[in-house]
Amino acid sequence: LAAALSSVGFATAHIAMWGFNPYLILYHAVMGYALAHVAYRTRFLAAPFVAHFVFNAMTIGLATLVPFFLGVQSAAIASTVLGLGSVTYLYYNWRTWRKGKKEAARVARGETEQKESGTDRRMRWYSRIAGLFIIPVMLGAGFMASAPSSTEIGNSMQAAYVQTQNPHQAAPGNLQQILNQLMNGAPADVAPGAELTTVQIVQKNKPAVVNVMTRGGTGTGFIINRDGTLITNAHVVAESVNQQTGKISRQHKTEIMIRLTNGQRVPAAVVAYNPDKDMAILKIIPQNPFGWPTITIGNSNTVLEGQEVVAMGFPLGQPFTVTKGIISGLGFRSNGFIQFQQHDAAVNPGNSGGPLFNMKGELIGINTQIVSPSGAFAGISRSITSQDLQNALAQYAAQGNISSSWLGAIFYPADPSSDGFGAEIEAVRPGSPAAKAGLQAGDIIVGVEGRGLPPSSTQAFGALSSVMRSKAPTDSLTFQVDRNGTVIDVVVTLGAH
């Protein structure tokens, strides 16, 4: 009776918290059997409740540590093996109980008691050891692997991994699903058009904002996938940055540590890197059986001048910081590969790679640089648009990189006083996509994909750069080329820069 009350009471609490799940029936059936066995063996009314408390403590501890260090798949295999062991343990105890009843009946009949064999003694000790460890590990690993995904760990070491169930988030480990949501415009967590308070935006996104630390300094990043995929600026993880020219090294660091907002640190590795786009995709190395917290990527194409925004990050080595401002300018292009939004939310060195949110709590930009004569915040901050990020993620999902598209043609320097027509090629790099396609020095590109370029050479080069910025390596483009007065079509398959 005590075992039944204990098991039913905890089952009711679990179902009330997580909802009905078929696994809970198995979980509490096995737990109830084990507690009934404890009550039967001890003849002590409180024994099932004490045992249940101990089992819960061991279950939570082992279920937290085992998948974290072994990985989800290894923990599943281990739980299966241990599950078989626990079944054997329960069967042995049932067999022992049956044997005890028969022995008692034999003694009641006055028959001679049979001496316990060495095998029986060993099995009895094995059973006790198994009872202490196998059942809690099996229940813990299985429970954490099979319970509903709306798991919330409170004030424990897993606070860093808190992830409230979000029906719009992709499953762990599947970047393609999250990309589909990004490109198709997944609905927000609130009613369409509804906005959140700044406090709500922070509560929603803070767990997914991280401090990216290298031997050369620190920056900020944000997690976009529950498998631990995160985004930051390339210059945050670059080997070096030329302070005079701002040119980012083509090489990145290999020793990177991620600090979560609760202070816990985990290592990460760079999986894609592009200094031209000033973006880097990182992956947290240890697996998280609960799924890492994530942010939702919004649509920067709908951003308007004057709308409010919220920035988060770790400026100047400080703890997690939140600032607020407005979009003060749009359409700033840097090097032809990315586009900037200007805002006045305070950001400083250390905020690089951090998220910029709209008032729905959706990411609309990656804070990248400030314009300041002193190097400190002067009211002009710039962020890479979320549309550029989406394009990079789509390329990463399809090709495994975020490299810039490469033509390999060198154009004449733009001269505002020139009356030249189209974008004229000065030279072609040997072995480049342009060379393989047959483009030559002196060719003038006057159109792309059947659409004419502006007549001014300066405007033509700008329009051509815009087209190139939107393309990924392996994409093909048909150029309309003026060669010695004759316009011909030249098909170029772009390469990776």
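**Note on the pocket, cores and aromatic pair**

1. β12 contributes the most residues to the lining of the largest pocket, namely four. The model is predicted, with local features needing pLDDT of at least 70 and side-chain atom pairs counting only at pLDDT 80 or more, while totals for chains, interfaces and linings use all residues. Residues are numbered from 1 along each chain as its sequence is written, and side-chain values use heavy atoms, leaving out hydrogens and water.

2. The volume of the largest pocket is about 890 Å³. A pocket here is an open set of points on a 1 Å grid where a 1.4 Å probe fits, with protein on both sides within 12 Å along at least five of seven lines; lining residues have an atom within 4 Å of a point. The lining has 34 residues, and H235, V241, Q243, S352 and T368 are the closest to the pocket centre. Elements giving two or more residues to this lining are β2 (217-223), α8 (234-237) and β12 (362-370).

3. In the largest nonpolar core, of 48 residues, V237, I258, L282 and L389 touch the most other members. Such a core joins buried Ala, Val, Leu, Ile, Met, Phe, Trp, Tyr and Cys residues through side-chain atoms within 4.5 Å, buried meaning under 20% relative accessible area with a 1.4 Å probe, protein chains only. Another core lies apart from it, with 19 residues including L477 and V481.

4. There is one aromatic pair in the structure. The ring centres of F314 and F320 are 6.0 Å apart and their planes stand at 70 degrees, so the pair is edge-to-face (centres within 6.5 Å, planes over 60 degrees apart). Both F314 and F320 are buried.

Methods
Points joined across faces, edges and corners; volume = space filled by probe spheres on them. Buried < 20%, exposed > 50% of the residue type's maximum accessible area, 1.4 Å probe, protein only. Phe/Tyr/Trp six-rings, centres within 6.5 Å; stacked < 30°, edge-to-face > 60°.
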